[in-house]
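Please have the sequence and the model at hand while reading.

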Amino acid sequence: MLEYEVSDQLPLAGIKVLDLSAYIAGPYGCALLGDMGADVIKVEPPEGDNLRKYPSTLASESRAFLGINRNKRGLCLNLKEAAGYEVLVKLVREADVLVHNFRPGVPERLRIDYATLAAVNPRLIYCAMTGYGAAGPMARHAGYDQVLQSMTGMCAAQAKTDGPPEVLYGSVVDYYGAALISNSVSAALYRRERTGRGQAIEVSLLGSALAMQSARLVWAEGEPRRIERDMRSGGITGIHPTREGHLYLSANTPHFWRALCGHLDLPNLADHPDYDTVKKRAAQAGVLVPLVREALARASAREWAERFGQSVPCAEVRQVEDMFDHPQVQAMGFMRPYHSTEAGDYLGLAQWAQFGAAAENPAPAGAATGRGAPGLGEHSRKILSTLGYTADEVDHLLHSSVVQ
């Protein structure tokens, strides 16, 4: 396989990132930086990122670990050993960004807090992903995605009428936190270009869970504390059964509502004064939904989606596996081949945004294989050799408890 190369058209080409984080939010935030061209080194302890050990239908490696740690090099380093800490300091001298998700107090104990590392490299962008932030009564509590979902009202809001709270599967808080890491680090790099100085950043899962609910977190003066806070349009907007499969419909504008009525042979509803706004249609859901579903039962979800085309926003409810060969996904080049020393060849997510010339041709023929998630310590020898260690010194570190 050809050596993985980063295009100099990507905005973060030349930026070096040290990823000391584990699980999802921190590592995926670093993967997003890698997607934008940054050279990301995943620094793992001897036992590895615990996500490697999560249940998976892949025998050799966790599927989640592969998907979250693309486009990184791997270094296995014992920071509790003096020689291991010395390796990290050498890496920090050359780095632009460091990301970790240790709880408050741990970085000071490991001597990787911002004050210590900024003395080594004043231009360092230092990003800490915490559960609840660095202050307050819960600062040292362990934070996890579904813990924060439960705490911040997301599980309660997800509950069906008169049903128990429900978790939103898919680690939504972690992924949103990862996006905030990528966004915040990119902003700090821009500021550094103007000032020449690095800075400390803190992103928390609590802040992420609140930020993604900003439409709910509005409490007007005089309102009661408990009130309906969702902006669900209701009515016919939602998932409906068809003759075969399910179809999601969204027809909130007058244009789309009329088009839907035309396709379903319900012309009398299109301009009826009782149904001519989305608010009225939501109030009349008990009348409209049975009529819409009776019409949808005449064909399959796929047939309706093809028939509606551009005229009605809709989607056949599919499995995630269908995205590997979906024509729109392929046209945009959103998937690409990867290689992992543990899992072999596999398909995974590629660029989620297009930059420069790639935006004009997002799916070039014969796209090169990307760098898959690294094996534990896969690139340790090569990384050490770039830090000024001799071959004998590298061998000594690799045969000790310092590096793997």
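Lys 280 counts as partly exposed, because its relative accessibility is 35%. In this report, buried means under 20% relative accessible area, exposed over 50%, and partly exposed in between, with a 1.4 Å probe and protein chains only. Asp 276 is likewise partly exposed, with a relative accessible area of 35%. Asp 276 and Lys 280 form a salt bridge in which the closest N and O atoms are 3.0 Å apart. A salt bridge is a side-chain nitrogen of Lys or Arg within 4 Å of a carboxyl oxygen of Asp or Glu.

## Basis of the model

The model is predicted: local features need pLDDT of at least 70, side-chain atom pairs count only at pLDDT 80 or more, and totals for chains, interfaces and linings use all residues. Residues are numbered from 1 along each chain as its sequence is written, and side-chain values use heavy atoms, with hydrogens and water left out.

## The parallel sheet

Six strands form an open sheet in the order S3-S2-S1-S4-S5-S6, with parallel pairing. Its edge strands are S3 (72-76) and S6 (199-204), each of which pairs on one side only. From one strand to the next, the twist averages 20 degrees. Helices (H or I, at least four residues) and strands (E, at least two) are DSSP runs, numbered from the N terminus; two strands pair if DSSP finds at least two bridges between them. Strand S1 (residues 16-19) is joined to strand S4 (residues 97-100) by three bridges, and Asp 19 stands opposite Val 99 in S4.

Helix H3 (residues 82-94) lies across S1, S2 (39-44), S3 and S4, at about 145 degrees to S1. Helix H8 (residues 172-195) lies across S4, S5 (125-130) and S6, at about 165 degrees to S6. Axes are lines fitted to C-alpha atoms, for helices over the stretch in contact, and angles run from 0 to 180 degrees between N-to-C directions.

## The antiparallel strands

Strand S7 (residues 238-241) runs antiparallel to S8 and is joined to S8 by four bridges. The bridge partner of Pro 241 is His 246 in S8. Four residues lie between the strands of this hairpin, where Gly 245 takes a positive phi near 85 degrees.

Strand S8 (residues 246-249) has a covered face, Leu 247 and Leu 249, and an uncovered one, His 246 and Tyr 248. S8 also pairs with strand S9 (residues 314-316) in the antiparallel sense over three bridges, and Tyr 248 stands opposite Ala 315 in S9.

## Asn 69 and its surroundings

Asn 69 is placed in the loop between helix H2 (63-68) and S3, and counts as buried at 0% relative accessibility. Its side chain makes a polar contact with the side chain of Lys 42 (3.2 Å); a polar contact is a pair of N or O atoms within 3.5 Å, where within protein one must be able to donate a hydrogen and the other to accept it, and residues adjacent in sequence count only if both atoms are side-chain atoms. The side chain of Asn 69 also reaches the backbone oxygen of Phe 65 at 3.1 Å.

## Further salt bridges

The whole structure holds 18 salt bridges. Arg 192 and Asp 96 form one of them, at 2.8 Å from N to O. Arg 192 lies in helix H8 and Asp 96 in the loop between H3 and S4, so the pair ties together parts that are 96 residues apart in sequence. Asp 19, Lys 42, Asp 49 and Lys 72 are linked in a network of salt bridges.

Notes. Contact means heavy atoms within 4.5 Å.
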